[in-house]
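Below is a walk through one protein chain. Please keep the sequence and the model in view while reading.

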Amino acid sequence: MSTQEQNLQLQLDALNSAGAVKIFQDQGVSGSKADRPGLGKLLDHVREGDEVIVWKLDRIARSTRNLLDLVDEFKAAGVTFRSVTDGISTSGAMGKAMITIMGALAELERDQIVERTKAGLASAKERGRLGGRPRKATDAKMTLCRTMFSDGHSANEIAQVLGLSRATVYRYVQV
């Protein structure tokens, strides 16, 4: 399961190499959400004797508690669980202990990434920098855009003259 920006091919190749027969995915849906259609379909599909294979622990759960709940649900259904990248399987005696440890470490890593990102954004903001894409037009271009629009020029004409997209023109004239 992955976000829109991530390329799934590496994960799909690894899952196929690991013997996955049916692959469920939630591309474009945050893994932090509890209600994910692909995960729901997986949970509806698994039967006793099946093995759920994931590329990495953080592809199926975003918290240790969520991961352990899923592993418990699999165990109750007679389903084993394996993480290809982490080299962990619940088919052995050490599996659940290792999943608990690795899940906690994965959650810690995600939390640290979030903290560093927030700290970096706050630091940039203190220096007067805002996140996101740089503005396409200067204040002078925005003023000219508004003037041209109020003088009756079409958004297409303004966009062509100023080198902006039509959507940008509309955004500037509505502000």
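By about how much of a helical turn are Asp69 and Arg65 separated in helix α3? They lie four residues apart in helix α3, so about one helical turn separates them. Asp69 and Arg65 form a salt bridge whose closest N and O atoms are 3.0 Å apart. A salt bridge here is a side-chain nitrogen of Lys or Arg within 4 Å of a carboxyl oxygen of Asp or Glu. Side chains of opposite charge can pair when their charged atoms come close.

The model is predicted: local features need pLDDT of at least 70, side-chain atom pairs count only at pLDDT 80 or more, and totals for chains, interfaces and linings use all residues. Residues are numbered from 1 along each chain as its sequence is written, and side-chain values use heavy atoms, with hydrogens and water left out.

Helix α3 covers residues 64-76. Helices (H or I, at least four residues) and strands (E, at least two) are DSSP runs, numbered from the N terminus. With 13 residues, α3 reaches 18 Å from its first C-alpha to its last, close to the 18 Å expected at 1.5 Å a residue; the expected span is 1.5 Å times one less than the number of residues. Its buried residues are Thr64, Leu67, Leu68, Leu70, Val71 and Phe74. They cover an arc of only 160° around the axis, which puts them on the same side of α3. The arc is that of the directions from the helix axis to the C-beta atoms. Arg65 and Ala76 are exposed on the other side of α3. Buried means under 20% relative accessible area, exposed over 50%, and partly exposed in between (1.4 Å probe, protein chains only). Asp69, the salt-bridge partner of Arg65, counts as partly exposed at 38% relative accessibility.

Next comes the sheet. Three strands form an open sheet in the order β1-β2-β3, with mixed pairing. The edges are taken by β1 (51-54) and β3 (88-89), each with a single partner strand, so one side of each is left without a neighbour in the sheet. Two strands pair if DSSP finds at least two bridges between them. β1 and β2 (residues 80-83) run parallel and are joined by four bridges. Val52 has Phe81 in β2 as its bridge partner, and Ile53 stands opposite Arg82 in β2.

In a regular strand the side chains alternate between the two faces of the sheet. In β2, Phe81 and Ser83 make up the covered face, while Thr80 and Arg82 make up the uncovered one. Arg82 also meets Glu51 in a salt bridge between side chains (3.2 Å, N to O). This pair links distant parts of the chain, with Glu51 in strand β1 and Arg82 in strand β2, 31 residues apart. Glu51 counts as partly exposed at 36% relative accessibility, and Arg82 counts as partly exposed at 24%.

How many salt bridges does a search of the whole structure find? The search finds three. One of them is between the side chains of Asp58 and Arg59 (3.3 Å, N to O). Asp58 counts as buried at 17% relative accessibility, and Arg59 counts as buried at 8%.

Strand β3 contains Ile88, which counts as buried at 5% relative accessibility. The C-alpha atoms of Ile88 and Ile99 are 6.8 Å apart in space, and the two residues are eleven apart in sequence.

Helix α4 (residues 95-126) includes Met98, and Thr100 is also found in helix α4. Thr100 counts as partly exposed at 29% relative accessibility. Its C-alpha atom is separated by 8.1 Å from that of Leu67, 33 residues apart along the chain; Leu67 is one of the buried residues of α3.

Met98 is partly exposed, with a relative accessible area of 32%. Together with Met94, Ile101, Leu105 and Leu108, Met98 makes a nonpolar surface patch of about 470 Å². Patches are made of residues with over 30% relative accessible area and no salt bridge: like charges are joined within 9 Å, nonpolar side chains (Val, Leu, Ile, Met, Phe, Trp, Tyr) within 5 Å. Accessible areas come from the Shrake-Rupley method with a 1.4 Å probe; for residues, only the protein chains shown count as cover.

Helix α6 (residues 155-162) has Ala155, Ile158, Ala159 and Leu162 as its buried residues. Seen down the axis of α6, these fall within an arc of 100°, so they line one face of the helix. Gln160 and Val161 are exposed on the other side of α6.
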